[in-house]
Structure formats: structure tokens, C-alpha cells
Amino acid sequence: MTDFFDVVLSQRAARSFTPEDVDDATVARILTAATHAPTAENSQPFVFIVVRDPDIRSTIGAITARVWEGGARDLEIGRLSPAFLRDVDQGAMGGVAKAPVLIVVAGDTRLTFAETLDSSLFPAVQNLLLAAHALGLGSTLTTLPVLSGNDLSEALDLPPEIRPVAVVPIGHLPKPLAPPRRLPISEKAHLNRYGVPFTTTT
Ligand SMILES: Cc1cc2nc3c(=O)[nH]c(=O)nc-3n(C[C@H](O)[C@H](O)[C@H](O)COP(=O)(O)O)c2cc1C
């Protein structure tokens with residue numbers, strides 16, 4: 001069995017994919033991991049649209065590029081390092097949509113409270129990312145395509161009660177990704193009260 005900590009400490013965003021396909025059995029394993037995430041009241045409001053159709057993937061790519069070029073890129077200039085900006089840019093301008101499978105994650109607004117809907121969807125997204133990585137595949141949580149009004153819903157025939165929150169590309173990586181860069185827990189965790197860093201001597 002793959003060690004959980006090896007998976008979780010090396011998972012990171014992939015924005016380039018080879019054309020190699022990901023078969024349905026693999027997608028089903030990844031989706032099964034997603035459905036095992038916690039949800040408020042075990043309401044399981046997630047809805048997954050597995051997009052393989054090249055035309056629909058290309059429409060999602062076009063929606064993403066429109067949001068990116070329509071203002072998101074300008075917002076990120078100066079906030080992201082040049083290398084990071086280049087990676088997000090090539091992902092938003094077609095790299096992400098080239099993945100053979102795009103999993104659109106949506107929520108059924110009838111199944112839980114509005115206040116807890118998103119909180120019941122993103123644990124499932126995280127499980128998708130970790131499961132894909134554990135199986136040697138690349139993936140990324142993307143939200144740019146949900147920022148274009150109803151365009152994504154229209155492309156997928158989603159009824160109004162099904163609200164998309166993320167698009168996760170799944171595919172094979174052209175080359176392994178470098179390790180993720182994260183701040184140490186001493187900068188993020190506090191002991192008992194805010195301001196006292198949590199540290200450990202073990
Ligand atoms: C709420 C959220 C929205 C994100 N949206 C996008 C996106 O639209 N496009 C993209 O390329 N990456 C997106 N990301 C991925 C982040 O850029 C990535 O997780 C973060 O920079 C860490 O990078 P790493 O996994 O390579 O270490 C998003 C991540 C989160 C948590």
C-alpha cells in the first residue's frame with residue numbers, strides 16, 4: 001500500500017498533461033475516494049461530471065481562458081512569482097483542458113444547507129487530488145471555469161439546483177513535478193492561544 005504521508009506530502013498542482021488516456025476503472029477508483037470524504041449530515045451533496053468529450057473539454061478550456069484573459073491574469077500579475085504565473089497561464093490557456101478527463105465537481109443545493117454546501121464538497125475534491133496522485137496521475141483544483149456566470153452550467157446542461165464549484169483535470173504527467181513548497185508548521189500552528197507557536201522537540 002502506498003504510504004499516506006508520501007502521497008500527501010508530495011501532491012501538488014499539475015497543469016500539463018500528455019494525451020495518454022485514463023481508463024474508466026481508474027476514474028471510478030478516484031471518484032470512490034472522493035465519495036468517501038466527510039459531508040455535513042452525511043448528506044453527500046457532491047455531483048461529479050466526468051468530461052471526456054473533446055468538444056466539451058475544449059468549451060471548458062475556452063471558458064477558463066476567457067476568465068483568465070478577462071481580468072484574472074491581471075489580478076495575479078505581481079502576486080505570483082514569474083515562474084508560477086507562467087505555469088498558471090499555460091494551464092489556463094489550454095494546458096488544463098488538454099487533460100483527457102476533466103471532473104467537474106458540483107453540489108446539489110437540495111441536499112444540505114447553503115451554509116455547509118461548499119464545506120461538504122471540498123473534502124471530496126481533496127480526496128480526488130490525493131487519489132489521483134496515489135495512482136501516479138496529475139491533477140489540480142481549478143476554480144477559474146466556475147467564475148464565468150452560467151457558462152459552465154450551460155456547457156454541461158446542469159439544472160439550476162446543481163451548482164459547479166471546481167474543475168479537476170486528471171491525466172498523465174509529461175515529467176514528475178518538483179516537491180511542493182510549504183511553510184513550516186511553526187509559522188502556521190499555535191499552542192493553546194494565538195501567538196504562541198506550536199513546536200515539537202520530537
Ligand atoms: C480554492 C482554490 C482555487 C484554485 N484555482 C486554481 C485555478 O483556477 N487554476 C489553477 O491553475 N490552479 C488553481 N488552484 C491551485 C493552486 O494554485 C495550488 O493549489 C497552489 O498554488 C499550491 O500549488 P502546488 O500544489 O503546486 O504546491 C486553486 C487552488 C485552490 C485551493
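**Chat on the sheet, the core and the ligand shell**

User: Starting with H172: how many C-beta neighbours does that residue have inside 10 Å?

Analyst: H172 has 16 C-beta neighbours inside 10 Å, so it counts as partly exposed. Burial takes 20 or more. Keep in mind that this is a predicted model.

User: Where is H172 found, relative to strand 4?

Analyst: H172 is in the segment after strand 4.

User: And which residues is H172 in contact with, sequence neighbours aside?

Analyst: Leaving out neighbours within four places in sequence, H172 contacts F17, T18, E20, L137 and G138. As for A97, 75 residues away in sequence, its C-alpha lies 13 Å from that of H172.

User: How many bridges between strand 1 and strand 2?

Analyst: Six, in the antiparallel sense, with strand 2 covering residues 101-108. F46 stands opposite G107 of strand 2, and I49 stands opposite V104.

User: What is the bridge partner of V104 in strand 4?

Analyst: V167. Strand 2 and strand 4 are antiparallel as well, and eight bridges join them.

User: And how many join strand 3 to strand 4?

Analyst: Two, again with the strands running antiparallel. S139 stands opposite I170 of strand 4.

User: How many residues of strand 4 are buried?

Analyst: Eight of its 10 residues are buried, so strand 4 is largely enclosed by the rest of the structure. Strand 2 is also largely enclosed, because seven of its eight residues are buried.

User: Now the largest nonpolar core. Which residues touch the most other members?

Analyst: V105, L128, V168 and I170, out of 39 residues in that core. The elements giving two or more residues to this core are helix 2, strand 1, helix 3, helix 4 (82-95), strand 2, helix 6 (122-134), helix 7 (151-156) and strand 4. In soluble globular proteins, nonpolar side chains tend to be buried together.

User: Take V105. What is it in contact with, sequence neighbours aside?

Analyst: Beyond four places in sequence, V105 contacts F46, F48, L121, A124, V125, V165, A166 and V168.

User: A166 is on that list. Buried or exposed?

Analyst: A166 is buried, because 22 other C-beta atoms lie within 10 Å and the cut-off is 20 or more. A166 sits in strand 4.

User: Switching to the ligand. Which residues surround it?

Analyst: The shell is R12, A13, R15, V88, G91, T140, L141, T142, T143, L144 and P180.

User: Backbone next. What is phi of D157?

Analyst: Near 60°, a positive value in a residue other than glycine. Most residues other than glycine have a negative phi. D157 is in the loop between helix 7 and strand 4. It is exposed, with 8 other C-beta atoms within 10 Å.

User: And N192, what is its phi?

Analyst: About 65°, positive although N192 is not a glycine. N192 is located in the segment after strand 4. With 7 other C-beta atoms within 10 Å, N192 is exposed.

Note on methods
Residues are numbered from 1 along each chain as its sequence is written. This is a predicted model: local features need pLDDT of at least 70, side-chain atom pairs count only at pLDDT 80 or more; totals for chains, interfaces and linings use all residues. A residue is near a molecule or strand if its C-beta atom, placed from the backbone, lies within 6 Å of it. Two strands pair if DSSP finds at least two bridges between them. Helices (H or I, at least four residues) and strands (E, at least two) are DSSP runs, numbered from the N terminus. A residue is buried if 20 or more other C-beta atoms lie within 10 Å of its own, exposed if 12 or fewer, and partly exposed in between; C-beta atoms are placed from the backbone. A nonpolar core is a set of buried Ala, Val, Leu, Ile, Met, Phe, Trp, Tyr and Cys residues joined through C-beta atoms within 7 Å. Two residues are in contact if their C-beta atoms, placed from the backbone, lie within 7 Å.
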